[in-house]
Amino acid sequence: MAQTIVNLTLPIVTDKIDAILAAYPLYEYRQVFAVPELRQKLTAYVLARLPVVYVTMDSRTAGDMAPTGHCYSSEQHNQINQLIHQGIEALLGRPEIEQRRPSAERVEAEPIPSSWFG
């Protein structure tokens, strides 16, 4: 029997994104993230910051499997929720994200003029 690799994280993240956007108080967010490209960027934002869980299984049963979320702890589920909210803010260009970073981190990220000329 042929084996296939199944990503368990992707359906969990997309289900959580759907639930969070449905519960968001501002309808505008739901409209903005109804655009497939932005929703994919949000999904990619979250997946890039998570440990992704894969399993191998028989290719005939792989399509029938529904993700249960048991591969993550409750703490990790909370982290996924936080990452979704952070991703929404980051993709919408909210200035609060930049202001929340420590000032030392902002200074290190900016080039120092004395280093421009060697």
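Q: Hi! Is Val52 buried, exposed or partly exposed?
A: Val52 counts as partly exposed, because its relative accessibility is 32%. Keep in mind that this is a predicted model.

Q: Thanks! Where does Val52 lie?
A: You'll find Val52 in the loop between helix H3 (36-47) and strand E2 (54-58).

Q: New topic: how many salt bridges does the structure hold?
A: There are two. One of them joins Arg39 and Asp18, with the closest N and O atoms 2.3 Å apart. Arg39 sits in helix H3 and Asp18 in helix H1, so this pair ties together parts that are 21 residues apart in sequence.

Q: Which residue forms a salt bridge with Lys41?
A: That's Glu37, and here the closest N and O atoms are 3.9 Å apart. Both residues lie in helix H3, four residues apart, which is about one turn of the helix. Glu37 counts as exposed at 53% relative accessibility, while Lys41 is partly exposed at 43%.

Q: Last one: at what angle do H1 and H5 pack?
A: Helix H1 (residues 9-23) and helix H5 (residues 74-91) pack at about 60°, and their axes are 10 Å apart. That makes H1 oblique to H5, and their crossing is right-handed.

Technical notes:
Residues are numbered from 1 along each chain as its sequence is written. This is a predicted model: local features need pLDDT of at least 70, side-chain atom pairs count only at pLDDT 80 or more; totals for chains, interfaces and linings use all residues. Side-chain values use heavy atoms; hydrogens and water are left out. Helices (H or I, at least four residues) and strands (E, at least two) are DSSP runs, numbered from the N terminus. Buried means under 20% relative accessible area, exposed over 50%, partly exposed in between (1.4 Å probe, protein chains only). Axes are lines fitted to C-alpha atoms, for helices over the stretch in contact, and angles run from 0 to 180 degrees between N-to-C directions. Angles under 35 degrees count as roughly parallel, over 145 as roughly antiparallel, 65 to 115 as roughly perpendicular and the rest as oblique. A crossing is left-handed if the near helix is turned anticlockwise from the far one by less than a right angle, and right-handed if clockwise. A salt bridge is a side-chain nitrogen of Lys or Arg within 4 Å of a carboxyl oxygen of Asp or Glu.
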